[in-house]
Every structure is written in C-alpha cells, then in structure tokens.
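I kept a notebook open while going through this one. Here are my entries, in the order I looked things up.

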Amino acid sequence: MLCLTSAALLFSACAGGAADDDSGVGRVTVSGSSLAQGDSLVLLAVGASMVSPLDTAVFDGSEASLSTNVGDLGLLLFIVKIQSGDYSDEGYPVILEPGKNIKMTLPSAKGEAAKFENSRSNELWYECQILGESTMEDMSPYAAAVGDPNEDPEVKKVAEAKLDSAYRAIMQNFASKIIDNAPSAFSDILLGMYANSFDDSTLTRIVDTLASADSQMPNFKLIKNALESKSKTSEGQKFIDFTMMSIDGKSVKLSDVVSTNKLTLVDFWASWCGPCRAEMPAVVRAYEDFKDKGLAIVGVSLDQDAKAWTDAVNKLGMKWIQVSDLKGWQSEAAQAYSVDAIPACVLIDSEGVIVARNLRGDELSVKIGELLK
C-alpha cells in the first residue's frame with residue numbers, strides 16, 4: 001500500500017450549470033420505483049468538495065433531469081444523491097459525458113446497483129465496483145488475520161500472500177478493462193483512480209495503448225506527462241541535485257553526500273504515512289548492515305509539521321541524514337524526482353547514476369548488498 005498525493009487521484013473539477021454550447025453538457029435522466037413525487041435530487045462531483053451541488057432537480061413522478069457542463073472531454077465521475085424521501089442520503093455514482101443524455105434507473109432496494117441505458121461506461125464502472133466488493137468480502141478473513149496482533153506469524157504470512165494475490169488479480173483485471181475499452185470515459189476514470197497501483201510495465205502498456213488510440217482524455221494526458229517526467233529520474237539517468245535543511249538546521253546538498261559515498265539512498269517518507277512507518281524497519285536494517293560499507297541515506301520528509309517530523313525520526317530510530325522543507329507534496333526534492341506516492345526511494349551510485357527506484361523490504365537490502373560487493 002502507498003500514500004498517494006491527492007493530485008494523482010482526483011479529477012479536476014468543472015464549473016456547474018449549462019453552457020451556451022450544449023456539446024460540453026453531460027446529462028442524466030433519473031427514474032426508479034424508489035423515488036416518490038416531490039423527492040429532491042442533487043448532482044455532486046467526485047474529487048471536488050461534494051458540498052455545493054452542481055445541479056438540483058425534483059422528481060415529477062416520472063423522472064428528474066440533472067446536468068452540468070463537463071467541458072470538452074472534461075469527463076468526471078459524479079454522485080446522484082437523493083436529498084429527501086424514504087431513500088434520503090442514498091448516493092449513486094454516474095459517469096457523465098459531453099453531449100450525452102444518460103438514462104439512470106435507481107434500484108428498488110438500498111445497497112443495490114443502479115441500471116443504465118445509453119452508457120457502456122457506467123455499466124463497466126458498476127461491474128468494477130461489484131468485483132471490488134465481492135473480492136473484499138472473500139478476503140475479509142485474511143484481512144482480519146493480518147490485523148490481529150495475536151495471530152500466529154505463519155498464519156499472518158499466508159494471509160498477507162492471499163491478500164497480495166487478490167489485489168494483483170484485481171489490478172490486472174482493471175488494466176485489461178482500461179485497455180479493452182479505450183479511449184472512453186470509463187477507461188480514463190479508472191486509469192486516474194488506479195494509476196499508482198499499477199506496476200511500471202503495466203502502466204506503460206496502458207499509456208502506450210491509449211496514445212496509439214489518440215486519446216485526448218484528461219487523466220491519460222496527466223499521467224502521460226507524469227511518466228515522461230519520471231523518465232528523467234529513471235534507472236540509468238543522472239541524479240538531480242537539491243539542497244535542503246536538515247533536522248538539526250544545517251544545509252545539506254545531495255551531491256555532497258553522493259560524492260563521498262559508494263551508494264546513496266534517497267528515502268521519501270512522512271510521519272503521517274502508515275505504509276512508510278511500516279516499511280521503516282527494513283530501511284533501518286539496511287542502514288545498520290551497510291553503513292560501514294559505503295551506504296549513506298538521505299531521508300526526505302514530506303511533513304509540514306516540524307514536531308511530528310522530529311518525533312517520528314526519534315521514535316523510528318532513523319539515525320541517518322534527515323531533511324525537509326516542510327512543504328508536504330510540494331517538497332522541491334519530491335517534485336524533482338516526480339514522487340506522487342510514498343514510501344518511495346532512489347538509489348544512486350558514486351558516479352551519480354540512478355541504479356534503482358522504489359525498492360522495498362528485503363529487495364532493498366539484497367540490491368544494496370549486490371552493489372556493495
């Protein structure tokens with residue numbers, strides 16, 4: 001699991017209301033036996049504050065129509081929420097597309113899925129939801145075992161393997177759905193939500209497929225640009241230098257560390273990041289095993305609270321160089337290395353060449369050991 005920057009997952013919000021050019025307006029006509037005449041509905045954008053409705057409508061006994069300007073290919077995932085009546089506060093996801101009027105039938109019972117006409121994207125979206133929910137239900141005993149502090153370590157190990165296998169299977173399924181249905185609103189939204197969950201080869205395959213289909217979808221363009229930026233700090237590239245203040249108030253220049261050590265690990269983390277804290281014992285072990293053999297570590301915190309940063313460093317036993325500009329995701333070092341999820345790391349040799357990225361657990365120590373032979 002990773003802690004993700006919000007920019008990696010949220011869709012850019014568009015202004016509500018109809019535009020003069022109806023080609024950019026997405027509409028959904030809502031009906032269903034769960035609605036009674038006079039029930040009010042609102043349209044909310046996922047990824048926005050979900051506080052101010054983009055549109056409102058009253059069910060007239062037959063249907064209610066909601067719309068908003070999603071812009072030229074500005075595809076978004078929305079929520080149709082019932083504000084009054086027996087099903088008050090029930091919400092249903094819907095993908096709106098420019099120039100399309102989608103027919104949405106709400107279910108007759110709570111907890112069931114809505115049905116759609118004129119929208120393959122929405123049908124696929126609900127298929128993914130059902131797959132995710134059924135997998136979570138199947139995996140719940142294993143998740144409980146992993147979270148139980150009193151569970152036998154061997155049982156936990158088996159449970160973790162089961163969860164990992166299920167997660168990989170879902171991600172492979174989602175990757176196939178993105179490719180098979182590209183370019184489409186569904187593919188773009190799924191890509192935007194799970195891009196950071198795909199391994200590099202899968203993500204590259206997806207982006208290459210969308211590029212060959214001449215996709216102009218917003219999340220595709222965002223991720224394509226991010227991949228191009230990441231390629232500048234991929235394996236085999238020269239490291240990018242930065243200067244940042246250390247935890248004890250001294251200026252630290254990365255190039256000074258690189259030039260005086262055989263290997264330098266730049267480790268991106270934050271005190272508020274659970275997966276980072278879970279990974280830290282492996283980093284501590286690597287440091288203790290190789291610090292006298294030429295390994296240096298520069299920890300780059302994406303914290304914004306100096307006390308939280310300092311407390312975590314002390315509690316986790318991080319005895320290596322620690323720096324931060326306390327800018328969170330806007331950290332200059334994180335920006336330079338296109339870090340959009342943590343924990344993340346970059347391994348640099350004495351020549352200033354990046355030799356590995358994002359190694360975790362035992363893989364990290366094994367790679368360091370190989371390079372320091």
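The entries below go from the whole chain to helix contacts, cores, rings and backbone details.

**Entry 1: the whole chain**

I began by noting that this is a predicted model. I then asked for the overall dimensions, and the C-alpha atoms fill a box of roughly 75 × 50 × 40 Å along the principal axes. The chain has 373 residues, and 45% of them count as buried. For secondary structure I got 11 helices and 17 strands. I also looked up contacts between residues at least 6 apart in sequence, and 64% of these join residues at least 24 apart.

**Entry 2: α2 against α3**

Next I turned to helix packing. How do the axes of α2 and α3 cross? They come within 8 Å and cross at roughly 170°. An angle over 145 degrees counts as roughly antiparallel, so α2 is roughly antiparallel to α3. I listed the residues that make the contact: on the α2 side they include Leu131, Thr135, Met139 and Tyr142, and on the α3 side they include Ala159, Leu163, Ala166 and Ile170. Sorted by class, this contact has 13 nonpolar, three polar and five charged residues.

I then looked at the loop between α2 and α3, where I found Pro149. Its relative accessible area is 68%, so I put Pro149 down as exposed. I also checked Pro149 against Asp200: the two are 51 residues apart in sequence, and their C-alpha atoms are 33 Å apart in space.

**Entry 3: α3 against α5**

From α3 the contact takes Gln172, Ala175, Ile178 and Ile179, and from α5 it takes Thr202, Arg205, Ile206 and Thr209. By class I have four nonpolar, three polar and one charged residue here.

**Entry 4: nonpolar cores**

A reminder to myself: in soluble globular proteins, nonpolar side chains tend to be buried together. Which residues touch the most other members of the largest nonpolar core? They are Phe268, Val300 and Tyr337, in a core of 50 residues. Helix α8 (residues 274–290) gives the most to this core, with six residues. Apart from it I found another core, of 49 residues, with Ala57, Ile82, Met104 and Ile189 among them.

**Entry 5: aromatic rings**

How many aromatic pairs does a search of the whole structure find? I got six. Phe116 is in strand β9 (residues 115–117) and Tyr126 is in helix α2 (residues 120–147), so the pair ties together parts that are 10 residues apart in sequence.

**Entry 6: backbone details**

Most residues other than glycine have a negative phi, and most peptide bonds are trans. With that in mind, I looked for departures.

- A cis peptide bond joins Ala182 and Pro183, with omega about -10°. I placed Pro183 in the loop between α3 and α4 (185–194).
- A cis peptide bond also joins Ile342 and Pro343, with omega about 10°. Pro343 is in the loop between β15 (341–342) and β16 (344–349).
- Ser338 has a positive phi, near 50°. I found Ser338 in the loop between α10 (332–336) and β15, and at 14% relative accessibility it counts as buried.
- Asn358 has a positive phi too, near 55°. Its loop runs between β17 (354–357) and α11 (362–371), and at 39% relative accessibility Asn358 counts as partly exposed.

Methods: Residues are numbered from 1 along each chain as its sequence is written. This is a predicted model: local features need pLDDT of at least 70, side-chain atom pairs count only at pLDDT 80 or more; totals for chains, interfaces and linings use all residues. Side-chain values use heavy atoms; hydrogens and water are left out. Contact means heavy atoms within 4.5 Å. Helices (H or I, at least four residues) and strands (E, at least two) are DSSP runs, numbered from the N terminus. Ala, Val, Leu, Ile, Met, Phe, Trp, Tyr, Cys and Pro count as nonpolar, Asp, Glu, Lys and Arg as charged, and the others, Gly among them, as polar. Rings of Phe, Tyr and Trp (its six-membered ring) pair if their centres lie within 6.5 Å; planes under 30 degrees apart count as stacked, over 60 as edge-to-face and the rest as tilted. Axes are lines fitted to C-alpha atoms, for helices over the stretch in contact, and angles run from 0 to 180 degrees between N-to-C directions. Angles under 35 degrees count as roughly parallel, over 145 as roughly antiparallel, 65 to 115 as roughly perpendicular and the rest as oblique. A nonpolar core is a set of buried Ala, Val, Leu, Ile, Met, Phe, Trp, Tyr and Cys residues joined through side-chain atoms within 4.5 Å. Buried means under 20% relative accessible area, exposed over 50%, partly exposed in between (1.4 Å probe, protein chains only).
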